Amino acid sequence: MTKPYTLQELLVIAVAKEIRDHENIILGVGLPTTAGALAKTLYAPHATLMMESGIIDFEPLLPLNHIADAHSCRGFSYATDLFSAFTMTYRGFVDVCFLGVGQIDKYGNVNTTAIGDYYKPTMRLPGSGGAADFLSYAKRTVLTMLGGNFVNKLDYMTSPGYLDGGDSRDKSGLFPKGSGPAMLLTTKGVFRFDPETKEIYLAQIHPRVSIDDVKKDVPWDLKIAPNLSETPHPTDEEIDFIRRFAPAMSAGRELSLELTINNMMKKAKPT
Amino acid sequence: MLKKYSTYAGKRSPMKNENSKIMTAKDAISEFVHDGDQLVIGNYTVGSCAELIYEVIRQGKKDFTLYSQSGIFDVEVLVGAGCVNRLITTYVLRAGGRKGGSAVERALNAGTLEIEDYTNFDYNARLVAGMHGFTFIQVLEGVMATDLFRKRSFMGEDKFRVIKCPYTGKDLLTVPAANPDVCIVHVQRADKSGNAQYWGALGSVAAAALASKRIVVSCEEIVEHDVIRSSPHLTIIPAYRVSAVVEIPWGAHPTEVLGHYNIDFFMYGLFVMADGTADGLKAWMDEWIYGCENRAAYIDRYIHRFGSGILDGIKAKAFYSAPANYGSAFTTRWDREGRERNMGLTMEELEKTLRERGKLYD
């Protein structure tokens, strides 16, 4: 019998499995770092992990605090700059990058800038950062949406997915052929894109989630893969790695923050 | 700490590792340099990749379009050996002033070589554009008043083009990106997977390599990956771009490699004296290029002919760079007592908390 797991652990593993050996990977903060570390340790020992700040080929020993976190590793192989990190993506040397999502539409176009009116936003999100350029030029992009929404029309289009669907992305002439979002991970399942229509569909569902649970988040009639699979139970090895590498990730943001504040308060000694 | 680095010399890593790109010069040139390639010499003025060039010549590779920022020693031997049809450069060698000659001059007069002249900046800019995946780049417009702009050879209209700046309306001069098929380059050290470290005059070395489709690196020494990892600021070519790594001590001789040896004026002088005539250059190449199957044989011949005193005299004395501290406070989330650094819990306590809070699923 295998160890019990947390939802966050399940999500990290689902993402890590998108990384193949010998690939060049741009990692962002949060879930992707842990996924990158897991993949490099268990599935893809020759993957080259990179951060857009120009830190190339690092072995994460700690979860990244931000995308310029040289404290998370013990040295790395190549120190370049942000400009070159993006142009190496532009030239096709980056296989996979990972991006978070605020809103996503049917064809994988992404908003990470603003909810509501751009000029008077209901909610101002971070913006593009590296997202628009990475989703433009990485061979594959893995999207993660933990707090965001499916929408019919984005309030602001930050990063280009499959545009109007079909061959519109390739036809635009702006992007490498065949590039674009490869998957979307949410707390309910894994979504992929139809090779012809480029419409997003549910490919894999997490345990204890029903198709109706997934559908109620989506404002159109979501397509479901005929061979819909269930996200597999993590192995002990996977769980142990994540829990040791990133215990706060296992616990989730809210709980780890609560435990941290309690602990730090106990330790704090006013002078 | 610093001393330790020198002990890495010659201690190569096991070759069976699947990520090892270590090859002999012979195999690397044979596999990655092809007839008709656009070939770029990665090094600029110093530290020329002499042995890789000699191997190209020995293998009789030909019909290159050759890029070299400063087409001196490297270009002379490649042109002298008949490997080059077209040359893109900024500066060529003339042996012995007015009286002397050069392989380039002879080949131009014989009609076997075409040349395209750029300034140092323009040449480098083409590689920088190529390195970043741009199709052209703005350069400095002063040359529009010169024959560098007006006299064109095989590149014709595409040597330079003028565009209007969309912001100022001014005429801007541009050059097209260069993405050579293959770069051969010599550096101080590399690891077996190809992370190449080079220091000293940076010139256009990184751009020449990174703009190219394939990269063959030779180095004075192969070092452990840990050496690279503790000095990533010295890496100019990341492993994932490199096709082959060749360890060649004295690999740039008679040119110089900072931290290893100075220029050998004696051998360089022999070459320059020979280079004035086709016959002279041929005799020099017969002895020092065709007559030596590899760099070890070349150095053996050198010592046999001239003794080891000259080489001993140009060996570098150490002047180490201060190490940069890449350390951080800790490298695991768990402290010495086994407690998570922020939450203060042991693994057992954390798992108990996860269970109590309903976070665990069977």
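Is Arg208(A) buried or exposed, and how many other C-beta atoms lie within 10 Å?

The structure is a predicted model, in which local features need pLDDT of at least 70 and side-chain atom pairs count only at pLDDT 80 or more, while totals for chains, interfaces and linings use all residues. Residues are numbered from 1 along each chain as its sequence is written, and chains are lettered from A and ligands numbered from 1 in the order in which they are written.

**View 1. The side of chain B that touches chain A.** In this view, 32 residues of chain B are in contact with 34 residues of chain A, where contact requires that the C-beta atoms of two residues, placed from the backbone, lie within 7 Å. The elements that give two or more residues to this side of chain B are helix 9 (225-229) and helix 14 (347-356) of chain B, and helix 14 of chain B gives the most, with four residues. Helices are DSSP runs of H or I with at least four residues, strands are runs of E with at least two, and both are numbered from the N terminus. By residue class, this side of chain B comprises 13 nonpolar, 13 polar and six charged residues; Ala, Val, Leu, Ile, Met, Phe, Trp, Tyr, Cys and Pro count as nonpolar, Asp, Glu, Lys and Arg as charged, and the others, Gly among them, as polar.

**View 2. Strand 1 of chain B and its partner strands.** Strand 1 (residues 38-41) of chain B runs parallel to strand 2 (residues 64-68) of chain B, and three bridges join them; strands pair if DSSP finds at least two bridges between them. Leu39(B) has Leu66(B) as its bridge partner in strand 2 of chain B.

**View 3. An open sheet of three strands in chain A.** The strands follow the order 7-6-11, with mixed pairing. Strand 7 (110-111) and strand 11 (149-150) of chain A stand at the edges with a single partner strand each, so one side of each is left without a neighbour in the sheet. Strand 6 (residues 103-104) of chain A runs parallel to strand 11 of chain A, joined by two bridges, and Gln103(A) stands opposite Asn149(A).

**View 4. Two loop residues of chain A with positive phi.** Lys198(A), in the loop between strand 13 (189-193) and strand 14 (200-205) of chain A, has a positive phi of about 65° although it is not a glycine. Lys198(A) is buried, with 22 other C-beta atoms within 10 Å. Arg208(A), in the loop between strand 14 and helix 6 (211-215) of chain A, has a positive phi of about 70°, but Arg208(A) is exposed, with 10 other C-beta atoms within 10 Å. A residue is buried if 20 or more other C-beta atoms, placed from the backbone, lie within 10 Å of its own, exposed if 12 or fewer, and partly exposed in between.

**View 5. A cis peptide bond in chain B.** The peptide bond from His253(B) to Pro254(B) is cis, with omega near 15°. Pro254(B) lies in the loop between strand 12 (244-247) and helix 10 (265-275) of chain B.
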